[in-house]
Amino acid sequence: MNCKDQPELRERLAAEYALGTLRGAARERFRRWMRDDPALARSAAQWEERLMPLAEAIAPATPPPSLWHRIEARTGGAAASKKDVLGKGFVWRALGLVAGGAAAALLVMAMVLPLQRPGVEYVALLSDPKTQKPVLLVTAGRRESRLHVKTLDPSIRVADASLELWAVPSTGSPKSLGLVPSADRAVIGLSAAADQALGNVPVLAVSLEPRGGSPTGAPTGPVLYTGPCIKDW
Amino acid sequence: MNDAERLSGLLSACARRDRSAFSELYRATSARLYGVALRLLRREDWAEEVLQDCYVSIWTHAAEYRGALAAPMTWMTSIVRNRCLDWLRRPRLEVPDEEGELLEQTPSDRPGPAAELERVRGAQAMRRCMDTLEGGQRQAIALAYYDGLSHSELARRLREPLGTVKSWVRRGLLRLKDCLELQRPA
């Protein structure tokens, strides 16, 4: 660093780095200097410690539960708990979550159903089991081979990961219906008519997956949202 | 075991790839760190995104934590503050609190982020020392720390020449340091 013999300047830069007023290219440069200059790094750390009571005065705020799921997914934790959500465990969990939020979901559904476009014969409303807030509306016609997906809560979108939609049948393992689209309204293509994909499916669920979807074809991440899938015919 | 020792222990366990320690660390610190990010960024979606990156970084770099250099909470808070300041530097269209609504909510003879300064309990020395600063110095330092304002943003917000604001910050910091050192029990 070119200011080794200027203790006052070093002190000022360290203080302004900790305060945050050292910005842009100067901040980058200071970070590089700290790497090769332990005394400078120590001086900055002392300033951070000194100013810490200011941060302690900030009111804490609880982040949404989905944040931890995303962090887990990105640090490889979701893969470690894979067994919990696979196959029957997943079905059981998804059903359990639905049972919890069923009343609320059904109530919202009762309001949503009459508003549906004609030809809608399957309706699923997925909600966050913790807040019971509806987040996703999935509809289909019996003989159509596509799902209409409407995102009711755009804040569910995740960076660096994907949300995958699953049909959870009453018996057997969940089947992927595709990734939750990033648009507010979008269509997911099905390989067969909705009757075949959803006929025996009481529940839809969304799990957090690596970007691009589950690499195994079965859910690997935590179940974030679930909801009953209703036949309206 | 005090809080700092417990958090230090959790960080060392994270360095050994102990996932349950990581989840405990998250439970113990996320509300404080989310508060810090939310205060600087003023938007939940941004704060969540930044915090997500920060915890991934804490997990990845836990082995680099040096207890001798910083308390664990200071180390993690600095990671969050740094990431937030980088975030605020991004070119973007939306600027939170651009018109200085926060400043307008508070009488002009008080420091801007008054709520926080009022709440500096457990840190009486800091509070006393902030009180010894001149109004402009105190306001500039609080706005820089809590709102992440740069020198030129401070100048705009406080409607003062850049040179004045820079000198408030510089002198304010020096005075704060002298005062805090005097307050420290020998």
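# Salt bridges and a bent helix

Modeller: Start with one pair: A:Asp37 and A:Arg10 form a salt bridge, and their closest N and O atoms are 2.8 Å apart. This pair joins distant parts of the chain, 27 residues apart. A:Asp37 lies in the loop between helix H2 (24-36) and helix H3 (38-56) of chain A, while A:Arg10 lies in helix H1 (residues 7-19) of chain A. The model is predicted: local features need pLDDT of at least 70, and side-chain atom pairs count only at pLDDT 80 or more, while totals for chains, interfaces and linings use all residues. Residues are numbered from 1 along each chain as its sequence is written, chains are lettered from A and ligands numbered from 1 in the order in which they are written, and side-chain values use heavy atoms, with hydrogens and water left out.

Biologist: What is a salt bridge?

Modeller: Side chains of opposite charge can pair when their charged atoms come close. The rule here is a side-chain nitrogen of Lys or Arg within 4 Å of a carboxyl oxygen of Asp or Glu. The whole structure has 17 salt bridges over all chains.

Biologist: Is A:Asp37 buried or exposed?

Modeller: Buried means under 20% relative accessible area, exposed over 50%, and partly exposed in between (1.4 Å probe, protein chains only). A:Asp37 counts as buried because its relative accessibility is 4%. A:Arg10 is buried too, at 12%.

Biologist: Which residue forms a salt bridge with B:Arg6 at 3.5 Å?

Modeller: An α-helix has 3.6 residues a turn, so residues three or four places apart point the same way. Here the partner is B:Asp3. B:Arg6 is partly exposed at 33%, and B:Asp3 is partly exposed at 45%.

B:Arg6 also forms a salt bridge with B:Glu24, with the closest N and O atoms 3.7 Å apart. That pair links helix H1 to helix H2 (residues 19-41) of chain B, 18 residues apart. B:Glu24 is partly exposed at 31%. Elsewhere, shared partners join A:Glu28, A:Arg31, B:Asp86 and B:Arg89 into one network.

Biologist: Where is the kink in H2(B) centred?

Modeller: Helices (H or I, at least four residues) and strands (E, at least two) are DSSP runs, numbered from the N terminus. A bend is the angle between axes fitted to the seven residues ending at a residue and the seven starting there. In H2(B), a kink of about 50 degrees is centred on B:Thr29.

Biologist: How far apart are the end C-alpha atoms of H2(B)?

Modeller: The expected span is 1.5 Å times one less than the number of residues. H2(B) has 23 residues, and a straight helix would reach 33 Å, but its end C-alpha atoms are only 29 Å apart. Just after H2(B), B:Arg42 has a positive phi of about 65 degrees.
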